[in-house]
Amino acid sequence: MSSILVRAAQADDIDTIHGFILSLAEYERLAHEVKADRDMLGRYLFGPRPMAEVLIAEADGSAVGFALFFHNFSTFEGRPGLYLEDLFVLPEARGRGAGKALLARLAALAIDRDCARLEWSVLDWNEPSIAFYRALGARAMDEWTVQRVDGQALVRLAALPS
């Protein structure tokens, strides 16, 4: 088994990141939802005002996984947190420690940045990932339900008088 190297993504990793996003969407049965393209990713990940960061996991010099994350803020804690938007490891590389290495690096970044917590969502049918997360000490926040406003609903909400 080769060792896993986790590194911060660079602008020349755009094709790799985009490929991981497409593979993740396929795995999650959401390929029809992907709107992100290389230009958008470049602007929002590596432009003048980056909105998110990416870690790349490599084995034997090849990218095998990624984690895309950004800062959020807890008003109750009064401190920032890290939110893991996406974690994906290529199917052929699973079980070699890449997912664990990515999460460990995120946890270390959270501690280094004085974050109160590291959070993410997982699809309720994704039992292998849920079991993996539980084994690492994650706990479900079952009392919370994700809410989303997007598309035309977002436009209508923005148009309401304030």
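## Salt bridge between E53 and R113

In this predicted model, E53 and R113 form a salt bridge, with their closest N and O atoms 2.7 Å apart. A salt bridge is defined here as a side-chain nitrogen of Lys or Arg within 4 Å of a carboxyl oxygen of Asp or Glu. The two partners lie 60 residues apart, E53 in strand β2 and R113 in the loop between α3 (98–112) and β5 (118–120). Helices (H or I, at least four residues) and strands (E, at least two) are DSSP runs, numbered from the N terminus.

E53 is partly exposed at 30% relative accessibility, and R113 is likewise classed as partly exposed, at 29%. The classes are buried (under 20% relative accessible area), exposed (over 50%) and partly exposed in between, with a 1.4 Å probe and protein chains only.

## Network around R7

A network of salt bridges links R7, D13 and E58. R7 pairs with E58 at 2.8 Å between the closest N and O atoms. The salt bridge of R7 with D13 has an N to O distance of 2.8 Å.

## Total and basis

Seven salt bridges are counted by the stated rule.

Local features require pLDDT of at least 70 and side-chain atom pairs pLDDT 80 or more, while totals for chains, interfaces and linings use all residues. Residues are numbered from 1 along each chain as its sequence is written, and side-chain values use heavy atoms, leaving out hydrogens and water.
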